[in-house]
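The structure is shown first.

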Amino acid sequence: MEKLRILSVFGTRPEAIKMCPLVKELASRPGIESLCCVTAQHRQMLDSVLEVFGVRPDRDLNIMTPRQTLSDITSKCLLGMDEAVDALRPDMILVHGDTSTTFAGALSAFYHRIAVGHVEAGLRTYDKYAPFPEEVNRVLTSAIADMHFCPTAGNRENLIREGRQRDIFVTGNTVIDALKTTVRPDYRFGLEELNRLPYGEKKILLVTCHRRENYGEPMKQILLALRQIAEERQDVELVYPVHLSPAVQEAVDRYLRGAPRVHLIDPLSAGDMHNLMARCYLVLTDSGGLQEEAPALGKPVLVLRRETERPEAVAAGTVRLAGVVQDDIVTMAERLITDRVEYEKMAHAVNPYGDGNACRRIADAIEWRYGLRQDRPADYEA
């Protein structure tokens with residue numbers, strides 16, 4: 001009997017972290033041939049994740065160019081997918097989340113009349129420009145998808161309110177599965193500077209900031225806030241893996257470089273990032289994935305955005321919205337640095353994003369859809 005051919009498509013580092021465990025889970029199923037196509041929307045950062053998880057793509061579209069626009073990314077993905085689909089002949093295409101690769105991959109599948117499974121489905125802010133362009137990418141992908149794999153029950157409710165009733169599964173988030181692979185107590189960092197950080201003596205603050213909607217004045221405010229924290233508090237050190245985007249690099253050089261106790265480093269491998277998160281004191285980020293990962297490791301998160309599509313984390317108390325105003329960010333960070341009771345309240349809140357079995361639930365659901373198992377898998381309950 002011919003195996004079910006499932007093609008996972010992704011292109012950025014965060015997507016790879018969340019999809020590689022699923023690629024491997026699907027490969028472990030006797031009735032499934034697990035295939036992988038990367039667009040390389042992010043080239044260097046993507047490759048480091050593939051290496052950590054030992055995933056070798058069946059197709060690499062290698063679309064990344066300097067200062068690429070959203071139109072560049074989407075059009076190259078869409079054209080490149082034609083060749084990949086014709087060569088690999090998948091029965092289903094899996095896309096993840098909300099990137100331009102996600103939307104282009106789903107649209108290509110639709111053009112080829114191939115079923116689409118959407119991993120990390122149902123996240124919403126209901127503001128099409130925040131996050132930009134991710135909110136519209138995921139809404140459009142939901143309109144195309146045949147199977148929706150939601151991290152939380154709240155994500156499922158979003159889809160139901162939009163009129164989608166069938167083939168919605170609550171699975172937890174695959175990023176929790178990834179952490180089980182990468183975080184180890186005896187881990188040694190590839191970057192020696194991280195091995196030398198005073199983890200027990202000072203509070204290590206892990207920072208990321210790269211989203212397009214934060215370009216300009218919001219990023220300036222965020223970076224000035226980080227500078228103020230570093231200058232005023234000798235008991236903290238900031239570690240900031242700086243995104244490769246020229247806009248981010250230029251802003252960091254202008255507003256943050258040269259500040260005391262600030263480590264500006266290159267983007268980290270998945271292993272280094274996860275283990276640094278496990279050892280840090282606090283995370284300040286505009287990333288989506290870190291809002292899910294850090295709470296699983298008992299680390300409070302301040303979100304450097306005006307809103308979040310992950311309200312479950314806010315409701316659970318693991319995440320707080322700090323916004324993009326310098327004074328607000330400094331005040332909220334200072335409170336968690338100085339108030340141990342407030343810190344512990346966040347650190348010990350229950351992470352709503354899963355138990356590390358999301359990939360198994362997704363693979364089970366796919367097998368159920370295609371008649372490879374009898375019973376519909378049970379939904380994840382936080």
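Predicted model: local features only at pLDDT ≥ 70, side-chain atom pairs only at ≥ 80, totals over all residues.

Buried means under 20% relative accessible area, exposed means over 50%, and partly exposed lies in between (1.4 Å probe, protein chains only). Helices (H or I, at least four residues) and strands (E, at least two) are DSSP runs, numbered from the N terminus. In a regular strand the side chains alternate between the two faces of the sheet. Both faces of β9 are covered: Val-236, Leu-238 and Tyr-240 are buried on one side, and Glu-237, Val-239 and Pro-241 are buried on the other.

Strand β9 has a parallel partner in β8 (residues 203-208), through 4 bridges; strands count as paired if DSSP finds at least two bridges between them. Within this pair, Leu-206 is opposite Val-239 of β9. Strand β10 (residues 262-265) also runs parallel to β9, again over 4 bridges, and here Pro-241 faces Ile-265 of β10. From β9 the chain passes through helix α10 (residues 246-255) to β10 in a right-handed β-α-β crossover. Right-handed means that, with the strands pointing away from the viewer, the path from the first strand over the helix to the second runs clockwise. Strand β8, helix α9 (residues 217-232) and β9 also form a right-handed β-α-β unit.

## Salt bridges

Side chains of opposite charge can pair when their charged atoms come close. The structure contains 41 salt bridges, a salt bridge being a side-chain nitrogen of Lys or Arg within 4 Å of a carboxyl oxygen of Asp or Glu. In one of them, Glu-309 and Arg-305 meet at 2.6 Å, N to O. Glu-309 is buried at 1% relative accessibility, and Arg-305 is buried at 2%.

Another salt bridge links Arg-373 to Asp-364 at 3.0 Å, N to O. Arg-373 is partly exposed, at 33%, whereas Asp-364 is buried, at 9%. Asp-379 and Arg-376 form a further salt bridge, at 3.8 Å, N to O. Asp-379 is partly exposed at 26%, and Arg-376 is partly exposed at 36%. Salt bridges with shared partners also build one network, whose members include Lys-18, Asp-98, Glu-120, Arg-138, Arg-211, Arg-305 and Glu-309.

## Backbone features

Most residues other than glycine have a negative phi, and most peptide bonds are trans. Which residues does a cis peptide bond with an omega of about -5 degrees join? They are Ala-130 and Pro-131. Pro-131 sits in the loop between β5 (115-119) and α5 (134-144). A cis peptide bond also joins Phe-132 to Pro-133, with omega about 5 degrees, and Pro-133 is in the loop between β5 and α5.

Glu-120 is in the loop between β5 and α5 as well. This residue is not a glycine, yet has a positive phi of about 65 degrees; Glu-120 is buried, at 6% relative accessible area. Arg-113, also not a glycine, has a positive phi of about 55 degrees. Arg-113 lies in the loop between α4 (100-111) and β5 and is exposed, at 80%.

## Basis of the values

Residues are numbered from 1 along each chain as its sequence is written. Local features need pLDDT of at least 70 and side-chain atom pairs count only at pLDDT 80 or more, while totals for chains, interfaces and linings use all residues; side-chain values use heavy atoms, with hydrogens and water left out.
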